[in-house]
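Try each task before reading its solution.

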Amino acid sequence: MGQPEEGGARREAAASAASELPPGQRLQRGWPVTHYGPVPRFKPERWEFRVFGATADGDKHCWNHEEFSALPFATVVADLHCVTKFSMLGAEWGGVPARTILELAPPAPGVTHVMVWAEYGYSANMRLADFASEQTIFATHKDGELLTAEHGFPLRLVVPHLYAWKGPKWVRGVEYMAADRRGFWEERGYHNIGDPWREQRYSYQEEPGDGPEL
């Protein structure tokens, strides 16, 4: 995997261009640690990234840590909006774009959603279109430095246009789905879509068609 690029000027430009925050959010200096459960211990010899479910060829696709680290490296400058109401603007995320995974392991024609799986069985569902966004990235770096274990090392998903819980830490794979299914927090009362600009925080705010019944 290539070296991260210097992105200070682009981060500053992105932050200054953000004239408003999503409703109910506050600007955060620094990066608070928020997660459910313990921080997993990374064991590179056992680590594997899997793409499975409704793949175009019907097969499971796997990369070990060395293979995944060799995939093309890219950066995006994007915000992070946490449902706990803090927003971090203009961060530079480096890693493997979700579109790269879609190209290497294409979904079957009928796929509408994905489930992103992480350590300890944590999961987050989203529409295929959200996953395929040009800014969705499997991040290994933030602002040119490797992620810390507390922030998701060796891999976390960043989906800038959705609340941050839709981008799990410690990601281990992606499941392609022909029908929607709720993930970990979505089963526990959080909104199935999670758009911060529409303040879609909780399941009681859902409208018909936003997700499967609880």
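**Exercise 1: A strand and its partners**

Task: Find the residue that stands opposite A118 in β11.

Solution. This is a predicted model. Start at A118: its opposite residue in β11 is V171. Now widen the view to the two strands. β6 covers residues 113–118, and β11 covers residues 171–177. The two pair in the antiparallel sense over six bridges. Next, turn to β7. Five bridges join β6 to β7, and these strands also run antiparallel. Here M115 stands opposite N125. β6 and β7 form a hairpin with four residues between them. In the turn, Y120 has a positive phi of about 65°. Last, check the cover: five of the six residues of β6 are buried, where buried means under 20% relative accessible area.

**Exercise 2: The whole sheet**

Task: State the order of the five strands in the open sheet.

Solution. The order is β3-β2-β11-β6-β7, with mixed pairing. The edge strands are β3 (61–64) and β7 (123–127), and each pairs on one side only. From one strand to the next, the twist averages 15°. Now look at β2, residues 48–53. Four bridges join β2 to β3, and the two run antiparallel. E48 stands opposite N64 in β3.

**Exercise 3: The largest pocket**

Task: Which residues lie nearest the centre of the largest pocket?

Solution. Begin with the space: about 540 Å³. Then take the lining, which has 28 residues. Nearest the centre lie T34, H35, Y36, Y122 and W185. Finally, sort the lining by class: 18 nonpolar, seven polar and three charged residues.

Methods: Residues are numbered from 1 along each chain as its sequence is written. This is a predicted model: local features need pLDDT of at least 70, side-chain atom pairs count only at pLDDT 80 or more; totals for chains, interfaces and linings use all residues. Side-chain values use heavy atoms; hydrogens and water are left out. Two strands pair if DSSP finds at least two bridges between them. Axes are lines fitted to C-alpha atoms, for helices over the stretch in contact, and angles run from 0 to 180 degrees between N-to-C directions. On a 1 Å grid over the protein atoms alone, a cavity is a set of points where a 1.4 Å probe fits but cannot get out, and a pocket is an open set with protein on both sides within 12 Å along at least five of seven lines; lining residues have an atom within 4 Å of a point. Grid points are joined across faces, edges and corners, and a volume is the space filled by probe spheres set on the points. Ala, Val, Leu, Ile, Met, Phe, Trp, Tyr, Cys and Pro count as nonpolar, Asp, Glu, Lys and Arg as charged, and the others, Gly among them, as polar. Buried means under 20% relative accessible area, exposed over 50%, partly exposed in between (1.4 Å probe, protein chains only).
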